[in-house]
Amino acid sequence: MADADLKALTGGLELPDFETTAFTTPPPLAQATVAIVSSASLHHPDQDDFAPTDTGYRVLEAGRRDYMCGHWSPNFDATGIALDINTVFPIDRLDELAAEGTIGKVSDIHMSYAGNQFDLSGVRMDSGPAGAKLLRDHEVDVVLFTPV
Amino acid sequence: MSTLAHVFEAGGLATVALGSIGAHIGGTAPPRGLWCDFPLGRPLGRPNDAEFQHRVLAHAFSLLSSPEPIVEKFAETIADDGSETMACTLPPRHDPNLHVAVDEANGLRPAYDRAVAKLGNRVGAGRTVSADDIPAAVQAFADIADGTPWKQAGVPGIPARVAQDIRGYYETAALALAEHAPSAWAGTRWFFESTEAGRTIVAARKAMADSGEKHGIWFYITPGDR
């Protein structure tokens, strides 16, 4: 078993097609509020875990570190997350970048979706736009997306 | 991730998407994407290596200055050649009246508790099966491997999720037993190839497949290449 074998298994997946690429010009990074959105099905222990076809999201609080991984796929290494949450969700690194002034501010909320979805219509049409609006309402400028 | 990046960008946010699979991030062409050729599960590369993680972030955030959509590849690659396995001393046989895998799961509980106390519980038991109930879940898979139909074996949930909790319990415990941070997949290889519970789950999966159960019920019990 090797990582390349598992990546090859996903080679036949149908990828979504976007006719145009939306493009938003950010403010200077040193003035920007940055949030992380992960597809690792992260959630706090007091939140609902993700169901297998869950296209919703969970809001993650920046001040907490009790993030649990609820991703359903068996096809990823989990020990990296166990050792260091920053391996998938670099919240401490963002705090450091804010402290040194590289980024303006770390958002007080972040988000996670479940990346193990075959039908993306719910994400594209419903929970995705809702998540974007939530972050905009929290005055987020830049989003870092991290997979698992 | 790239799909969400398109959606969020359309919602007025500037985005940067990391991607672990080159064909995916290239094929979906997010507004700004960085292909990080690292093992699945480690998109920032190396756990407990803040300097490396900052290099990844610096490259990712540099893409924000591009005046148009852009996808680049991070300069460093982390490869997994499929050979490294964690070296962990398993507990000795304690109760000969128990299935060997159940006895093993019981014996790992102190290590599991030490790891959770030190690291927290991010990928261990608890999504479907509590740590207290892991031995019973292992017994259910042992019964399946011995021929009991899975619906009669008492699997406490969807088999793939239960197996994921057992694997998480073992891989978390292993972090308390090993003297070094494992490379990617070393813990998974240890679980499936060196532990009684891992071998039992593989055997149960094969029994389910051989008995004609639906593909979706048994396939996701282990990584897909097994």
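This is a predicted model: local features need pLDDT of at least 70, side-chain atom pairs count only at pLDDT 80 or more; totals for chains, interfaces and linings use all residues.
Two residues are taken to be in contact if their C-beta atoms, placed from the backbone, lie within 7 Å.

In chain B, helix α7 (residues 159–177) packs against helix α8 (residues 186–194) at an angle of about 115°, and the two axes are 10 Å apart. The crossing of α7(B) and α8(B) is right-handed. On the α7(B) side the contact is made by R167(B), Y170(B), E171(B) and A174(B), which meet G187(B), T188(B), W190(B) and F191(B) of α8(B). By class, the residues of this contact divide into 4 nonpolar, 2 polar and 2 charged.

The C-alpha trace of chain B spans about 70 × 40 × 30 Å along its principal axes. Of the 226 residues in chain B, 55% are buried. Among the contacts in chain B that link residues at least 6 apart in sequence, 64% join residues at least 24 apart.

T148(B) sits in the loop between α6 (134–145) and α7 of chain B. This residue has 17 C-beta neighbours inside 10 Å, so T148(B) counts as partly exposed. Setting aside neighbours within four places in sequence, T148(B) is in contact with D143(B) and A153(B). The C-alpha atom of T148(B) is also 9.1 Å from that of A207(B), although the two residues are 59 residues apart along the chain. Between G216(B) and A160(B) the C-alpha to C-alpha distance is 9.1 Å, with 56 residues separating them in sequence.

Turning to chain A, strand β6 (residues 109–113) is mostly covered, with 4 of its 5 residues buried. Strand β1 (residues 33–38) of chain A runs parallel to β6(A) and is joined to it by 2 bridges. Strand β3 (residues 57–61) of chain A pairs with β6(A) in the antiparallel sense, over 5 bridges. M111(A) takes part in both pairings: it is the bridge partner of V37(A), and it stands opposite V59(A).

The two chains meet through 66 residues of chain A and 72 residues of chain B. On the chain A side, the elements that give two or more residues are α1 (3–9), β4 (68–69), α2 (79–83), α3 (91–99), α4 (121–137) and β7 (142–146). Of these, α4(A) gives the most, with 8 residues. The side of chain A that touches chain B comprises 39 nonpolar, 15 polar and 12 charged residues. Strand pairing also crosses from one chain to the other: β7(A) and strand β1 (residues 14–19) of chain B pair in the parallel sense over 4 bridges. Within this pairing, L144(A) has V16(B) as its bridge partner in β1(B).

Key:
Residues are numbered from 1 along each chain as its sequence is written. Chains are lettered from A and ligands numbered from 1 in the order in which they are written. A residue is buried if 20 or more other C-beta atoms lie within 10 Å of its own, exposed if 12 or fewer, and partly exposed in between; C-beta atoms are placed from the backbone. Two strands pair if DSSP finds at least two bridges between them. Axes are lines fitted to C-alpha atoms, for helices over the stretch in contact, and angles run from 0 to 180 degrees between N-to-C directions. A crossing is left-handed if the near helix is turned anticlockwise from the far one by less than a right angle, and right-handed if clockwise. Ala, Val, Leu, Ile, Met, Phe, Trp, Tyr, Cys and Pro count as nonpolar, Asp, Glu, Lys and Arg as charged, and the others, Gly among them, as polar.
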